[in-house]
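Please walk through this protein with me, from the overall fold to single residues. Keep the model open as you read.

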Amino acid sequence: MDRSLRSRFARVTGLLTVIAAGTMTAPAGAQGSFQTLDPFYGGESARQTFYDGVAVSGEVTYRDRDLLGLSEPGAPASDMVLGARLDYALLPQVTVSAVADLTGAASRGPLGLSWVVVKPYWHNENTDYAVRVAVDPASEGGLGFRQTDVAFLSSSALSPEVTSDFAVGLRRVRTGYVEAEDAQNVFSDFPMDEDSVPLPAAAALRMNGDRVRLVGQELRGSWGYNVLFDPAGSRVLGSLIVEAGDYTLVRAQRSGEDASPAAQDRIRSGIGWARVGIEFNRPSYVFEPYVSVPLVTWADVRGEPVRHGPRPEKARLGLRMMLR
């Protein structure tokens with residue numbers, strides 16, 4: 001094995017060690033529709049955006065926690081969300097990444113990972129393509145991952161100044177929500193807070209107080225155009241992002257005098273975002289402020305529909321920076 005291969009192997013081993021350590025130290029805060037900072041689809045490209053093998057990114061977003069108007073009186077209306085990401089070029093056309101949601105890390109204990117990502121790229125004529133596979137590495141003691149997201153991406157050069165990005169993907173969500181004092185609960189003893197489940201499901205939990213297992217699917221997509229304004233590739237970005245979810249909540253059957261049969265509820269939701277940003281590209285860093293505005297918000301929580309049109313007051317303001 002020559003020196004370059006040995007060096008690359010050592011770096012991969014170190015990255016995998018970091019991923020494994022982060023996975024074992026604490027439950028990771030699962031990403032979900034509406035609630036948390038999602039690292040995918042918004043501004044995601046099929047092109048590799050770093051050059052020297054490793055890139056470190058940070059992202060902070062100011063969000064509204066209650067897009068559907070279902071929060072309890074006195075609950076926090078908005079807060080800051082902080083995320084971090086490490087990207088590594090495993091091969092010239094394959095990157096692996098570790099994503100962490102740093103929000104609430106102090107209250108949850110040692111930091112765990114939100115996603116582990118593998119992304120192969122290829123190029124054909126004027127278009128770049130990629131397939132991105134991401135898994136939430138936290139385990140509830142069963143088979144499979146708590147969340148899996150698989151997406152297809154393409155980025156095309158329409159002219160020397162205009163490019164387009166497209167992404168579509170499916171996400172599988174399977175997670176548990178358990179009372180710590182309920183030792184006889186039939187589901188896995190894996191405590192989570194309401195930020196770890198999609199907003200309509202969290203609202204249903206608040207409405208009833210039960211502890212349930214959440215199983216569902218999400219369809220996500222984005223389509224946008226970019227206008228380049230300097231030789232370094234800095235650009236103005238505009239895109240539409242769509243999220244739609246269909247979830248089943250299975251209520252736990254309890255033992256003892258208050259035993260009740262297991263029950264199921266169906267939660268459906270959808271949202272469309274308009275996202276605008278400015279990305280400043282330089283050889284050693286990328287700096288991107290952006291704003292996302294919900295255009296359409298809809299949910300059906302236990303047969304109670306909630307619908308909203310465009311709401312600029314619910315806009316999310318964000319800032320992303322990559323060191324490469």
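The paragraphs below go from the whole chain to its core, its strands and its surface.

This is a predicted model, in which local features need pLDDT of at least 70 and side-chain atom pairs count only at pLDDT 80 or more, while totals for chains, interfaces and linings use all residues. Residues are numbered from 1 along each chain as its sequence is written, and side-chain values use heavy atoms, with hydrogens and water left out.

Begin with the overall picture. The protein has 3 helices and 13 strands. Helices (H or I, at least four residues) and strands (E, at least two) are DSSP runs, numbered from the N terminus. Of the 324 residues, 47% are buried. Buried means under 20% relative accessible area, exposed means over 50%, and partly exposed lies in between, with a 1.4 Å probe and protein chains only. The accessible surface is about 15,500 Å². Carbon and sulfur atoms own 63% of that surface. Such areas come from the Shrake-Rupley method with a 1.4 Å probe; for residues, only the protein chains shown count as cover.

Now consider contacts, meaning heavy atoms within 4.5 Å. Take those between residues at least 6 apart in sequence: 63% of them join residues at least 24 apart.

Next, go inside. Which residues form the largest nonpolar core? There are 12: F40, Y41, A46, V99, W115, V117, Y121, A130, A134, A151, L153 and A167. A nonpolar core is a set of buried Ala, Val, Leu, Ile, Met, Phe, Trp, Tyr and Cys residues joined through side-chain atoms within 4.5 Å. Strand 4 (115-124), strand 5 (127-136) and strand 6 (147-157) each supply at least two residues of this core. Strand 4 gives the most, with 3 residues. A second, separate core has 7 residues, including Y247, L249, I267 and A299. In soluble globular proteins, nonpolar side chains tend to be buried together.

Leaving out residues up to four places away in sequence, V117 touches F40, R85, T95, V96, S97, V99, R132, V133 and A134. In the strand pairing, V117 stands opposite A134 in strand 5.

Strand 3 (residues 94-101) and strand 4 run antiparallel and are joined by 6 bridges. Within strand 4, V118 is the bridge partner of V96. Strand 4 and strand 5 also run antiparallel, with 7 bridges between them. In a regular strand the side chains alternate between the two faces of the sheet.

Strand 4 and strand 5 form a hairpin with 2 residues between them. Look at the turn. E125 lies in the loop between the two strands. Its phi is positive, about 55°, although E125 is not a glycine. Most residues other than glycine have a negative phi, and most peptide bonds are trans. Is E125 buried or exposed? E125 is exposed, with a relative accessible area of 69%.

Y41 also has a positive phi, near 75°, and is a residue other than glycine. Find Y41 in the loop between helix 1 (3-25) and strand 1 (54-64). Y41 is buried, with a relative accessible area of 3%. Y41 is also one of the residues of the largest nonpolar core.

Now turn to the surface. V54, V56, V227, F229, V236, I278, F280, Y285, F287, L319, M321 and L323 form a nonpolar patch there. Together they have about 910 Å² of accessible area. Patches are made of residues with over 30% relative accessible area and no salt bridge; like charges are joined within 9 Å, and nonpolar side chains (Val, Leu, Ile, Met, Phe, Trp, Tyr) within 5 Å. A salt bridge is a side-chain nitrogen of Lys or Arg within 4 Å of a carboxyl oxygen of Asp or Glu. Strand 1, strand 10 (264-282), strand 11 (285-301) and strand 13 (316-323) each give two or more residues to the patch. Strand 13 has the largest share, 3 residues. F287 sits in strand 11. F287 is partly exposed, at 30% relative accessible area.

Finish at two loops. P283 lies between strand 10 and strand 11. P283 is exposed, with a relative accessible area of 68%. Leaving out residues up to four places away in sequence, P283 touches Y51 and R324. P283 and R324 are 41 residues apart along the chain, and their C-alpha atoms are separated by 7.6 Å. E313 lies in the loop between strand 12 (304-308) and strand 13. E313 counts as exposed, at 57% relative accessibility.

Definitions and conventions:
Pairing = 2+ DSSP bridges.
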